[in-house]
Amino acid sequence: MEKRQYYIDWIRVLAFGALIFYHTGMFFVSWGWHVKNNEIVNYHEIWMELINPWRLSLLFFISGVGVSFALKSRTGWQFIGERTKRLLLPLIFGMLVIVPPQIYFERIQNHEITQSYLDFYPSVFNFVPYPAGNFSWHHLWFVTYLWVYSILATPLFTWLKNHSNIFKFNTHFGDYIKLLLCIFPLSITYILLSKDWEITHNLTSDWYNFTLSLLLFILGYIIGGQSQNWELIEKYRKINFGIAASIMTISLSYDAIFGPLSDEHFWVLCLNSVLKMLFIWCIILAICGFAKHHLNFKNSFIGYANRAVYPFYILHQTIIIIIGFYMADWVISPLFKFFLIVIGTFGLCAFLYHFLIRPYSIMRLLFGVK
């Protein structure tokens, strides 16, 4: 039996855990979100803008890595069945039970309704899509896309199981350059689709985000499933971080001095496609490389958290919105309020998982827990 790669568990847990901080930040900044604090504080935008380009790309990549291990012991049809149970069933449950409170508290804060939640809830079953109606997957769009990707990519993945040597890299510099050239399809996607398809997360008219995320999911599968590739990623982790940090520094400095270049010019579009995708790709590789180097170990926390992380993801945004709604008018420091919401969200997620989800088979099924 192949030895478990614990650094992959750590990446997954830390990346999903970071979403709680990010979505709590959305409560305080000027960007559009479901509920808002009584005082907008833009300093959160600084760190949020730094992680925004790559946070979801990392999640799709590491999800593809997970698939590469899952398919080693399953046929294609077994994998599709397992993914449907763990993704589609929690998605349906989430859309009917977990997401509606988010819409309710948004409409209450915006003074669109004054009714109780019990009076509001039947409107979900009109199945009118949000924002016109009250039926949505909100943050669970990620689960939707993963399920669709799993269905679409399984024929490719089962073929690649028998042709895995195509994507094995050694640890010398020439193969590292080949690894960097994986940005080519990502850059082409940016050039062809980014201007015409705004990110919507609605699956049907989200072609830039859909295609980019699918490619990262596939890259996670074909690169992350080979132990030699992880050795290459670990070896060049500092270079990857240096490239990403350099691109970010140069980009922020140029924008601050001269203003951002417009993608209306084709040469700028091409330049941005390379720089943005190289930044995303290198920061993903750097995170994976440092995780392999420092986090390839097991302890009681990672064993517990690896099972809890999916229910945490399903629950976290609803809990943030409920806590934020009731704390919005508190006259306290916004920074203190930020940490209260973060602590409250982690605490409530942990309570619900440990006492209401983990002990009961039906709840584990609805929340996608193995």
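Hi everyone, let's start in the middle of this one. The largest nonpolar core holds 117 residues, and Phe157, Trp281 and Phe367 are the ones that touch the most other members. By nonpolar core I mean a set of buried Ala, Val, Leu, Ile, Met, Phe, Trp, Tyr and Cys residues joined through side-chain atoms within 4.5 Å. Buried here is under 20% relative accessible area, exposed is over 50%, and partly exposed is in between, with a 1.4 Å probe and protein chains only. Helix H14, residues 300-327, gives this core its largest share, 14 residues.

Before I go on, a word on where this comes from. It is a predicted model, in which local features need pLDDT of at least 70 and side-chain atom pairs count only at pLDDT 80 or more, while totals for chains, interfaces and linings use all residues. Residues are numbered from 1 along each chain as its sequence is written, and side-chain values use heavy atoms, with hydrogens and water left out.

Back to tryptophan 281. What is it in contact with, leaving aside neighbours within four places in sequence? The list is Phe61, Leu179, Leu180, Cys182, Ile183, Leu216, Leu219 and Ile223, where contact means heavy atoms within 4.5 Å.

Now the whole protein. It has 16 helices and zero strands; these are DSSP runs, H or I of at least four residues for helices and E of at least two for strands, numbered from the N terminus. The radius of gyration is 21 Å, close to the 21 Å from the globule rule for 370 residues, so the protein is as compact as a globular protein of that length. For that, the radius is taken over C-alpha atoms, and the rule is 2.2 Å times the number of residues to the power 0.38. The C-alpha trace spans about 65 × 55 × 40 Å along its principal axes. Buried residues are 50% of the 370. Of the contacts with a separation of 6 or more, 78% are between residues 24 or more positions apart.

Tyrosine 313 sits in helix H14 and counts as buried at 5% relative accessibility. Not counting residues up to four places away in sequence, tyrosine 313 touches Phe16, Leu19, His139, Leu140, Phe142 and Val143.

Valine 268 belongs to helix H13, residues 266-294, and with 1% relative accessibility it counts as buried. Beyond its neighbours within four places in sequence, valine 268 is in contact with Leu261, Ser262 and Asp263. From valine 268 to isoleucine 191 there are 77 residues in sequence and 10.0 Å in space, C-alpha to C-alpha.

Last, some backbone details for those of you who like torsions. Tyrosine 130 and proline 131 are joined by a cis peptide bond, with omega about 10°. Proline 131 is in the loop between helix H6 (117-120) and helix H7 (141-161). Histidine 138 is found in the loop between H6 and H7 too, and has a positive phi of about 40° although it is not a glycine.

Histidine 111 also has a positive phi, near 60°, and lies in the loop between helix H5 (100-109) and H6. Are these two histidines buried or exposed? Histidine 111 is exposed, with a relative accessible area of 71%, whereas histidine 138 counts as buried at 10%.
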